[in-house]
Amino acid sequence: MLEFIAILFVFSTIILIHEFGHFIMAKKCGVRVERFSLGFGPELLGVKKGDTRYSISLILFGGYVKMAGDDPAGGLTGKSWEYLSQPVSKRLSIVAAGPVLNYILAFLVFFLVFVIGSPTPTSRIGDLLEDYPARAHNLMQGDKIIAVDGKEVKYWNGLTEIIHNSLEGSLLLTIQREDRFFKVRIFPKIEEIKNIWGQPVKTAFIGIRPSDEIAMLRYNPFVAFYKAGERLFLLSALTLRGLGAVVTGQLSFRESVAGPIKIAAIIGKTAKLGVVYLFSLMGVISMALAIFNILPIPVLDGGHVVFLILEKIRKKPLRLKTQESIQNIAMTVLIILALFVSYNDIMGLMGK
């Protein structure tokens with residue numbers, strides 16, 4: 001039950017924020033919004049307020065905003081409150097508002113996590129691997145590495161980052177063992193491994209694993225604001241690079257792309273770890289949705305942006321038949337990809 005609630009909460013929040021972006025910008029631009037629906041299919045609950053009907057529909061994993069005059073084949077009257085009667089600049093802002101609000105949501109979630117505190121493994125050693133320098137130098141389970149080459153370390157991520165990048169020379173580790181402090185000089189073992197892009201890279205190891213000791217990593221609001229922006233930037237860059245790698249064949253599409261089924265499974269597992277972990281994941285998914293939606297693919301927000309830019313350049317929109325043909329092709333391709341990804345998700349969850 002907890003897993004289902006978590007999945008519903010994450011998906012509904014992200015979609016609701018996305019559609020609210022379109023909704024609030026349409027209102028600001030003077031466009032009449034006829035329906036704001038969380039979900040697709042038959043309406044379960046609904047209320048009309050002003051010109052807008054607010055609905056909760058049967059299939060909750062989705063949503064839409066229906067604006068007046070958004071269908072060129074639907075008999076436009078030329079009224080100022082129709083979407084297609086608006087100048088290109090206003091329509092662009094309405095289309096872009098959904099991804100922008102998802103991006104803002106991701107930032108706010110990361111900011112909240114950094115203020116509340118993120119559970120982070122400390123630099124205490126949990127286990128030592130055979131045939132690696134740490135064991136050979138008699139380090140022990142429970143030892144805490146408090147400094148590397150005189151630089152203080154508290155958390156596992158910071159510790160391993162220093163170690164992995166130390167490809168030349170030795171490392172001087174300051175160790176705390178119960179109430180005793182001592183130093184050990186270690187020459188890391190250099191190995192060639194594959195990074196997330198499948199490229200071989202040299203990495204330094206000393207053969208240690210983290211313990212179960214967890215610390216809450218908190219920041220004051222000013223530092224948290226910077227950290228949230230930094231995380232959002234780094235994750236965005238990583239996501240865009242990953243998309244580029246998939247397109248160029250550097251990364252396998254099958255292994256790199258997760259669909260709603262796999263994402264839901266990940267959300268369910270993450271919910272068991274705690275609220276902070278769930279919020280962190282929600283921020284990542286919201287950021288990824290923003291980037292995916294702004295890709296220049298017809299039927300996505302990014303595709304509409306491309307059409308609008310072409311309209312601005314040409315001083316007139318593309319022919320209706322041309323737009324419909326492009327969107328039909330894109331929709332067919334997306335449906336095929338969605339089916340492939342869903343099948344791949346199911347097979348992956350089944351261990352096949």
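**The aromatic pairs**

Searching the whole structure turns up 9 aromatic pairs. Keep in mind that this is a predicted model.

Let's start with F23 and Y54. Their ring centres are 5.9 Å apart and the planes meet at 70 degrees, so this pair counts as edge-to-face; the cut-off for that label is over 60 degrees. As for where they come from, F23 belongs to helix α1 (residues 2–28) and Y54 to strand β2 (residues 52–67), so the contact ties together parts that are 31 residues apart in sequence. F23 is buried, at 7% relative accessible area, while Y54 is partly exposed, at 27%.

Now for another pair, F114 with Y219. Here the ring centres lie 5.7 Å apart with the planes at 70 degrees, so this one is edge-to-face as well. It links distant parts of the chain: F114 is in helix α2 (residues 88–116), and Y219 is in the loop between β12 (214–217) and α5 (221–247), 105 residues away. F114 is buried, with a relative accessible area of 7%. Y219, on the other hand, is partly exposed at 23%.

Ring pairs join F20, F23, F36 and Y54 into a cluster.

Rings here have charged neighbours too. The charged end of K189 sits over the ring of Y132, 4.5 Å from the ring centre. Likewise, R231 has its charged end over the ring of F110, 5.5 Å from the centre.

D149 isn't a glycine, yet it has a positive phi of about 55 degrees. You'll find D149 in the loop between β5 (144–148) and β6 (151–152), where it is partly exposed at 47% relative accessible area. E178 is another non-glycine with a positive phi, this time about 60 degrees. E178 is in the loop between β7 (171–177) and β8 (180–186). With 68% relative accessibility, E178 counts as exposed.

Key
Residues numbered from 1 in each chain as written. Predicted model: local features only at pLDDT ≥ 70, side-chain atom pairs only at ≥ 80, totals over all residues. Heavy atoms only, no water. Phe/Tyr/Trp six-rings, centres within 6.5 Å; stacked < 30°, edge-to-face > 60°. Helix = DSSP H or I, 4+ residues; strand = E, 2+ residues; numbered from the N terminus. Buried < 20%, exposed > 50% of the residue type's maximum accessible area, 1.4 Å probe, protein only. Lys NZ or Arg CZ within 6 Å of the ring centre and 35° of its normal.
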